[in-house]
Amino acid sequence: SLGELFPLLGDAFEKEGQGLKVTFGGTNIESQEVLHTLQGDLAILVGCWFFLLIVLVLCTRRILLTLVGFISVCLPLPLAYIVFSLLAGSTAVSVPMMLAAFLATSTGMDVLFLYNDAWRDSAQHETSDGE
């Protein structure tokens, strides 16, 4: 099957500089190649989330605050996919969608760090209501 053949073709393609030249193409192989790339990107995304979760715990020093912030950043991604699937009638995941997941995660985490820093800074600048 194509699922068994694709990893062999990928290995042969990587060894191209060793005297073996492999050329392959077609719609089924290209879709397998995109799927393979998306699976690798998904693994990187989960690894980034795990790393960011640890960094958030260290920065906020509060587990509940970290979990709520992390969920508020990560939950819109699957919800947006569900709404898109219902409205567009398509369940296909493309490379731009995965890139958007990285962008949304990094922007959301940045906002969490900024809010955390602003909260700590405001505690150092106490002012009364009369000022």
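The model is predicted: local features need pLDDT of at least 70, side-chain atom pairs count only at pLDDT 80 or more, and totals for chains, interfaces and linings use all residues. Residues are numbered from 1 along each chain as its sequence is written, and side-chain values use heavy atoms, without hydrogens or water.

The axes of α3 and α4 come within 5 Å and cross at roughly 25°; they are lines fitted to C-alpha atoms over the stretch in contact, with angles running from 0 to 180 degrees between N-to-C directions. Helices are DSSP runs (H or I, at least four residues) numbered from the N terminus. The residues that meet, with contact defined as heavy atoms within 4.5 Å, are tabulated below.

| Helix | Residues in the α3–α4 contact |
|---|---|
| α3 (residues 63-74) | Ile71, Ser72, Val73, Cys74 |
| α4 (residues 76-88) | Pro76, Leu77, Pro78 |

Buried denotes under 20% relative accessible area (1.4 Å probe, protein chains only).

Leaving aside residues up to four places away in sequence, Val73 touches Ala104, Thr105, Gly108, Met109 and Leu112. Among the buried residues of α5 are Thr105, Gly108, Met109 and Leu112.

How values were computed: Helices (H or I, at least four residues) and strands (E, at least two) are DSSP runs, numbered from the N terminus. Buried means under 20% relative accessible area, exposed over 50%, partly exposed in between (1.4 Å probe, protein chains only).
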